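Subject: Handover of a structure for your review

Dear colleague,

Please find below the structure that I am handing over to you. My findings follow it, and I would ask you to read them with the structure open.

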Amino acid sequence: MSDTTTLPTSPDPFLDKAWGEIGRLGLTAHVAEIEAQGLTVIPPELACPDGLADRLLAACLDAAERRNAERPDIEMAARYAPQSSDRFKKVLGSGDGDSPIGDLMQSMLFEDPAFEEALMNPVLLGVATYLCGYSAIMYTMGCFLKGPNNTTLPLHADTPGPTPLPGYASECNATYVLTDFDRNNGGTAFVPGSHKWCRKPSGNETQVIDNPNAVAVEAKAGSLVCWHGNTWHGAFNRIATGIRVSIPCVIARPHLRTQEHLIDKVDQAMLDRNSSRFAVLMQQGIALGWSTQTEAISGAERATKFQAAYVEELGLDPAKYPNSLFA
Ligand SMILES: O=C(O)CCC(=O)C(=O)O
Ligand SMILES: [Fe+2]
C-alpha cells in the first residue's frame, strides 16, 4: 500500500465545478428553488450589479429605435406593436389587432456589447450551467416590448419535442426583467412544480386566466427570472399603462436545434475579446449543419479547435464524461 493518501475522485468533476461556482456566487438557494418549483427570481443586486440593467434597457430602446425608426416611450399608454407582432398571430392565438407578446425583437446579441455582457454574466451562467451543463449553447436572445393588451400568452413549456419530456433540463430560460413584472404589468405566469410533470399543457390547461395553478411572477426591474425548460409558463395581459421590457436569454444543451444559427455569424473581434466559453455558447464547438462535404470538413476542424481551447480553459474535458448532466 502506498503511504500517500489519495482523496477519492469525484464521479463527476463537472458537478463539483458547477456546484462550487453556485456556492461562490451565492446562488445555492436559487438553484434549490429551481429544483423544487421549476423557477427562481434572482434579485437585481445579485443579477445586475454595476448598472447592467440600465445599460440593457438603454440598449433595447436603442435597438427598437434603429429597427422601427421610433424610440418607444416606456411610459406610453397605447398598445405597442410596431411591426412584428402580427407574425405570431396564428401561432399564439391573438385576436385581431392585439398581441399577447407585444413586439418581439429577435437576434439581439449583435446589437450592443451590453448583450454580450448579459450572456456572460456569471450569475446567468451559473444557473444555466447547473441546468444545461458546461457544453451548453445559446439558443436565442430576444427582447419583448409589451404595452397594454387583452390577450394572454398561453401556457407552454419551452422544451421542444414530444412527451415525455426528459426529466433533466434541455433548456434554461434566463429572462432579464427590465421593468417591474407582476399581474397588472403583464408579467410571466408560471405553474410552480410543473417541470416535474415532463409534459406540455394542452387544451384548457393552457389558459392562463382559467388555470388556477398559474401565478404571476413578482420581479423588480433588474431581476433575472430563470426557469427549467419543462416549466409551464405563459404571460398575463398587461392592464397597466407603459411598456414591459424583458430580454429572454435561452441556453440549451448542444444537441438541440437552436432558434438562432450563430456558427458562421459571430465576428472574429467578438471571439477575440471573449473566453472560450463564449465561443462554445456561440455554437463554435458544433460540427453539424453543413451543406457540402467541404463545409463538413472545415466545420469539423473549426469545432475541434474551439473544443480543445475550451478543454484547456476548463481544465476538464467534457468528452471524457459522456454521461454527465453537467459536462
Ligand atoms: O412573455 C412572457 O412573459 C413569457 C415569454 C416566453 O414564453 C418565453 O420567453 O419563453
Ligand atoms: Fe416560453
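In what follows, a residue is taken to be near a molecule if its C-beta atom, placed from the backbone, lies within 6 Å of it. Please also bear in mind that this is a predicted model.

The ligand site

By that criterion, Ligand 1 is surrounded by Ile101, Phe144, Leu153, Asp158, Asn173, Thr175, Thr188, His233, Ala235 and Pro248. This shell divides into five nonpolar residues, four polar and one charged. Two strands, β6 (171–177) and β10 (233–235), each supply at least two residues to the shell.

The strands around these residues

Strand β10 belongs to an open sheet of four strands, in the order β5-β10-β7-β8, with antiparallel pairing. At the edges are β5 (153–156) and β8 (215–216), each of which pairs on one side only. Between β10 and β7 (residues 188–190) there are three bridges, in the antiparallel sense. Here Thr188 stands opposite Ala235 of β10, and both Thr188 and Ala235 are among the residues around ligand 1.

Strand β6 is largely enclosed by the rest of the structure, because seven of its seven residues are buried. Glu171, Asn173, Thr175 and Val177 point one way from β6, while Cys172, Ala174 and Tyr176 point the other way.

A buried loop residue

Asn149 lies in the loop between β4 (143–146) and β5. Is Asn149 buried or exposed? A residue counts as buried if 20 or more other C-beta atoms lie within 10 Å of its own; Asn149 has 26 within that distance and is therefore buried. Leaving aside neighbours within four places in sequence, the contacts of Asn149 are Arg79, Asp98, Ser99, Pro100, Gly102, Gly186, Asn237 and Arg238. Asn149 and Arg238 are 89 residues apart along the chain, yet their C-alpha atoms are separated by 5.4 Å.

The nonpolar core

The largest nonpolar core has 86 residues, and those with the most contacts inside it are Leu56, Val127, Ala128, Cys226, Ile247, Cys249 and Ile251. Helix α7 (residues 122–132) gives the largest share of this core, eight residues. At least three core residues come from each of domain 1 (13–260) and domain 2 (262–327). Beyond four places in sequence, Ile251 is in contact with Ala128, Cys132, Ala136, Met138, Tyr139, Glu171, Cys172 and Ala174.

The two domains

The protein chain is divided into domain 1 (13–260) and domain 2 (262–327). Taken over C-alpha atoms, the centres of the two domains are separated by 26 Å. Their contact takes 17 residues from domain 1 and 16 residues from domain 2. On the side of domain 1 that touches domain 2, the elements giving two or more residues are α1 (13–24), α6 (113–120) and β3 (137–141). The largest share of that side, five residues, comes from α1. The residues on that side of domain 1 comprise eleven nonpolar, three polar and three charged.

With kind regards

Note on methods. Residues numbered from 1 in each chain as written. Chains lettered and ligands numbered in written order. Predicted model: local features only at pLDDT ≥ 70, side-chain atom pairs only at ≥ 80, totals over all residues. Domains from an automatic or database assignment. Contact = placed C-beta atoms within 7 Å. Nonpolar A, V, L, I, M, F, W, Y, C, P; charged D, E, K, R; others polar. Pairing = 2+ DSSP bridges. Buried ≥ 20, exposed ≤ 12 C-beta atoms within 10 Å, placed from the backbone. Core = buried A, V, L, I, M, F, W, Y, C linked by C-beta atoms within 7 Å.
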